[in-house]
Amino acid sequence: MSTFILVLDEGTTSTRAMLFDVAGKLHEVVQQEITQHYPRGGWVEHDAAEIWDKTLACALEVIEKAGGADKIACIGITNQRETVVAWDKQSGEPLCKAIVWQDRRTADFCEELRAAGHEPDVQEKTGLLLDPYFSGTKMRWMLDNIPEVSAAADAGTLAFGTIESWLIFKLTSGAKHITDASNASRTLLMALDGAGFDEGLCDLLGVPRSSMPQVVDNAGTLAATEASLLGAAIPITGLAGDQQSATIGQACLKPGETKATYGTGAFVLTNKGHDIPRSVNRLLGTVLMQLDGKRTYAIEGSVFVAGSLMQWLRDSLGIVEIASETEALARSIDDTGGVTIVPALAGLGAPHWRADARGIIAGLSFASGKAELARAALEAMAHQTHDLADAFAADGAAWDSLKIDGGMSANDWMAQDIANILGLTVERPGFVETTALGTAMLAATGAGLYESLGDAAEAMRGELARFEPEMGQVQREERLTRWRKALAAA
């Protein structure tokens, strides 16, 4: 009997295969790291072939642990969004390195489009801003700079896609070139109310519409794996970009419910129901999910650097040996001694959207040491979240509370600090990997294991921890004043 849901969780730094049961319990995880390529300052690349090979290896190992392919009821895929793969439809091989969402190489092209007055129309259609973060300008760069990509476009064999699209193509041995509506809404090439990719937007960015995948629902019978790959033709029934999936995993299924995921970056989404969100504070409108052809939307604020700051402290500065040590360091002192970190290592995301910003460490003295730097790095998470809270409130989407998840949220000190700086209750599930859980919920719904996504969320979501604000207003304002001063310098 098929009793398990296999989730392929395609992150920025690793690929994982995760085995869930219908109650949301995680039974197995197999993970492999993804190589990060930094050919120039501001450039970030992945090898799409490596992602495929490691994803397949992880999936096969988990399926073996489950007892064989006949034990897998369905597959769900969640992925790092905006990262672009270009491949040849005939050979099925990548044409160049994938350009990662963090990459900033298209900043000049985005500025050209803004200077020509295109941003208001693009934002009105897509809910997005003209920023290198999004997929469409990456595709244009590949066409302009990679001869193999432009040659495939001329030959009519070029395929573009985000990571889930690439993996589905490989899992189906080229039978399916599809993307889900949540990922499609992050490309700059789909109108929020459009069924597929928009001809006018494709023309504006110079991306051939014929190279783009078909846009499908986030749940349903979307594809099936080639039987020879995994041991059976397993249905693929759930797809979602990582942040939309985490929102679903947090059961933010009603308008107004808000979650923040702290992973490589930090991403806040508020469910806006069936109303297309319009921001005047440089937040983003996005598709949360599409079920039976009907869309639910969200308003989003994206911070580029969160967990990656901890990796930088570990790998580049040697402040810690493992990222989890930052909690003990933060607790070892009463304050940072005036040290403030603005983690603009890849520019500033929402609500500032400054690709040219650079990270700074302010307030250093001879008294500053590892503990002060670690605590300041964690404090930056609360500061960035507070900036987003102000922007959401100005757009009429004030938060009553905040649901947090992602690997960093397991840090109790950081969770409490966010509650303190926001002055709000912060809620954290016992299982913080809600990105994978949300996709398990979608896949279970798409496979008919539950009648509705609401039923799946109720059955599969676990216990919760709550953090109440404990900081006084004077201390909060002192912290925020230091942050704003450092932010201005960045």
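**Annotation and local features**

Reply: The UniProt annotation "domain: Carbohydrate kinase FGGY C-terminal", taken from an unreviewed entry, covers residues 260–445. The model discussed here is a predicted one.

Me: How far apart do the end C-alpha atoms of residues 260–445 lie?
Reply: The annotated span is residues 260–445 according to the UniProt record. In the predicted model, this span is 34% helix and 23% strand. Its end C-alpha atoms are separated by 24 Å.

Me: How many disulfides does the structure hold?
Reply: A disulfide requires two cysteine sulfur atoms within 2.5 Å. The count for this structure is 0.

Me: Which cysteine sulfur is nearest to that of C110, and how far away is it?
Reply: C110 takes part in no disulfide. C110 is buried, its relative accessible area being 0%. C202 is likewise in no disulfide, and C202 is buried at a relative accessible area of 1%. The nearest cysteine sulfur to C110 is that of C202, at 16 Å.

Me: How are helix 14 and helix 17 oriented to each other?
Reply: Helix 14 spans residues 412–422 and helix 17 spans residues 473–489, with their axes 9 Å apart. The packing angle is about 100°, and angles of 65 to 115 degrees count as roughly perpendicular. Helix 14 and helix 17 are therefore roughly perpendicular.

Me: How many charged residues has the contact of helix 14 with helix 17?
Reply: Helix 14 contributes D417, N420 and I421, while helix 17 contributes R476, R479 and L480. By class, this contact has 2 nonpolar residues and 1 polar residue, and its charged residues number 3.

Me: Within what distance do the axes of helix 4 and helix 5 come?
Reply: Helix 4 covers residues 135–145 and helix 5 covers residues 147–155. Their axes cross at roughly 95°, which makes helix 4 roughly perpendicular to helix 5. The axes come within 5 Å.

Me: How many nonpolar residues has the contact of helix 4 with helix 5?
Reply: The contact is formed by M142, L143 and N145 of helix 4 with P147, V149, S150 and A153 of helix 5. By class there are no charged residues and 2 polar ones, and the nonpolar residues number 5.

Me: Where is P351, and is the peptide bond from A350 to P351 cis or trans?
Reply: P351 lies in the loop between strand 17 (340–342) and strand 18 (360–362). The omega of the bond from A350 to P351 is near -5°, and the bond is cis.

Me: Is L188 buried or exposed?
Reply: L188 lies in the loop between helix 7 (181–184) and helix 8 (199–205). Although not a glycine, L188 has a positive phi of about 75°. Its relative accessible area is 2%, so L188 is buried.

Me: Is D292 buried or exposed?
Reply: D292 belongs to the loop between strand 15 (284–291) and strand 16 (294–303). D292 is not a glycine, yet has a positive phi of about 55°. With a relative accessible area of 78%, D292 is exposed.

Me: How far apart in space are R461 and A23, C-alpha to C-alpha?
Reply: R461 is in the loop between helix 16 (453–460) and strand 21 (464–467). Not counting residues up to four places away in sequence, R461 touches G249, Q250, A251, K403, E427, L437 and M441. R461 and A23 are 438 residues apart in sequence, and their C-alpha atoms are separated in space by 8.1 Å.

Technical notes: Residues numbered from 1 in each chain as written. Predicted model: local features only at pLDDT ≥ 70, side-chain atom pairs only at ≥ 80, totals over all residues. Heavy atoms only, no water. UniProt positions renumbered as here; feature names shortened; annotations may be inferred. Helix = DSSP H or I, 4+ residues; strand = E, 2+ residues; numbered from the N terminus. Buried < 20%, exposed > 50% of the residue type's maximum accessible area, 1.4 Å probe, protein only. Axes fitted to C-alpha atoms, helices over the stretch in contact; angles between N-to-C directions. Parallel < 35°, antiparallel > 145°, perpendicular 65-115°, else oblique. Contact = heavy atoms within 4.5 Å. Nonpolar A, V, L, I, M, F, W, Y, C, P; charged D, E, K, R; others polar.
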